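Subject: Structure handover

Hello,

Here is the structure I said I would pass on. My notes follow below it.

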Amino acid sequence: MPRPEALFLHGVAVGVMTYGFISLRTLPMDGWIRAQKGGHFQFLTIQGLAAAWLTMVLSLGCDSLPSFAALRAIKRAFLMIALPLTFVISAVYWSLLLFFPSLILQRQLPGLSEPSSSSTLPELARIPLNIDFSLHLAPVATLLADFVFFEKKYTKKQVQIGSPLVVLACGTWYACWVEYCASYNHTFPYPFLTENPFNIRVGIYTFVSFLAWSCFRLMNALHPQA
């Protein structure tokens, strides 16, 4: 029998993340982003959201078919991808949003900013808090809860061999993808990439990939399983 608390977590996670993605259409910058090469999927946030959403859908499948070992193995493979990815996305996003918002938020396009008594805030394309939480907090929070309460920790071999390969593949993929998109758009989805030359961007990709791998190792080591 499926555990009701697991079904609740996975169902709510799918719903909240679906809401966040659908709500992108309500943002003033949506049309401009969709017209660019890669659309919203040039953002690492959206790729992380997709990975987290698929992981939770697979989790619902595992809840319904607990004896389906192959499905469980696929779910755990996606969890290995989505958990460190969303952790790094959230850590970088909220840190920059709080202390250096101009490095993570795009500037409003002329004619899109709303009237305000502030002379600086309207310049940045800020996301409503409910959508922001759905995109940048719900994925990592629900994945982490799923891993801690409903999953076993990964084996030593999976951590030492599997996770570095996964992080290397994902980091290389995104670096190549975002550089490809920027070659058409003449700008990057994140200002901190736009404002830096290629060699610095390579350093950023490398550092973020290493951070994701380190966070995964730490989270697995702190797993409450004996």
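A search of the whole structure finds 2 cavities of 30 Å³ or more. The model is predicted, with local features needing pLDDT of at least 70 and side-chain atom pairs counting only at pLDDT 80 or more, while totals for chains, interfaces and linings use all residues. Residues are numbered from 1 along each chain as its sequence is written, and side-chain values use heavy atoms, with hydrogens and water left out.

Rolling a probe the size of a water molecule over the atoms shows where empty space is left. The search runs on a 1 Å grid over the protein atoms alone: a cavity is a set of points where a 1.4 Å probe fits but cannot get out, a pocket is an open set with protein on both sides within 12 Å along at least five of seven lines, and lining residues have an atom within 4 Å of a point. Grid points are joined across faces, edges and corners, and a volume is the space filled by probe spheres set on the points.

The volume of the largest cavity is about 340 Å³. Its lining has 22 residues, and those nearest the centre are Leu-27, Ile-33, Phe-43, Ala-125 and Ile-127. Helices α2 (30–34), α3 and α5 (129–136) each give at least two residues to that lining. Helices here are DSSP runs (H or I, at least four residues), as strands are (E, at least two), numbered from the N terminus. Sorted by class, the lining of the largest cavity has 15 nonpolar, 5 polar and 2 charged residues. In this sorting, Ala, Val, Leu, Ile, Met, Phe, Trp, Tyr, Cys and Pro are nonpolar, Asp, Glu, Lys and Arg are charged, and the others, Gly among them, are polar.

The second largest cavity holds about 40 Å³ of space. Among the residues that line it are Thr-45, Gly-48, Leu-135 and His-136. Helices α3, α4, α5 and α6 (138–150) each supply at least two residues of this lining. The classes there are 5 nonpolar, 5 polar and no charged residues.

**The largest pocket**

How much space lies in the largest pocket? The value is about 550 Å³. The pocket is lined by 29 residues, with Leu-44, Leu-85, Val-88, Tyr-174 and Val-208 closest to its centre. At least two lining residues come from each of α3 (44–64), α4 (69–99), α7 (156–185), α8 (191–194) and α9 (198–221). The lining of the largest pocket has 24 nonpolar, 5 polar and no charged residues.

**Salt bridges**

Side chains of opposite charge can pair when their charged atoms come close. The structure holds 6 salt bridges, each being a side-chain nitrogen of Lys or Arg within 4 Å of a carboxyl oxygen of Asp or Glu.

One of them joins Arg-34 and Asp-30, at 2.8 Å from N to O. Both residues lie in helix α2, 4 residues apart, or about one turn of the helix. Arg-34 is partly exposed because its relative accessible area is 36%, whereas Asp-30 is buried because its value is 8%.

Another salt bridge pairs Lys-75 with Glu-151, with the closest N and O atoms 2.9 Å apart. This pair links distant parts of the chain, since Lys-75 is in helix α4 and Glu-151 is in the loop between α6 and α7, 76 residues apart. Lys-75 has 1% relative accessibility, so it counts as buried. Glu-151 is buried too, at 7%.

Glu-151 also forms a salt bridge with Arg-76, where the closest N and O atoms are 2.8 Å apart. Arg-76 is in helix α4, 75 residues from Glu-151. Arg-76 is buried, with a relative accessible area of 15%. Salt bridges that share partners join Arg-72, Lys-75, Arg-76, Asp-146 and Glu-151 into one network.

**One more buried residue**

Tyr-154 is in the loop between α6 and α7. Tyr-154 counts as buried because its relative accessibility is 4%.

Regards

Technical notes. Buried < 20%, exposed > 50% of the residue type's maximum accessible area, 1.4 Å probe, protein only.
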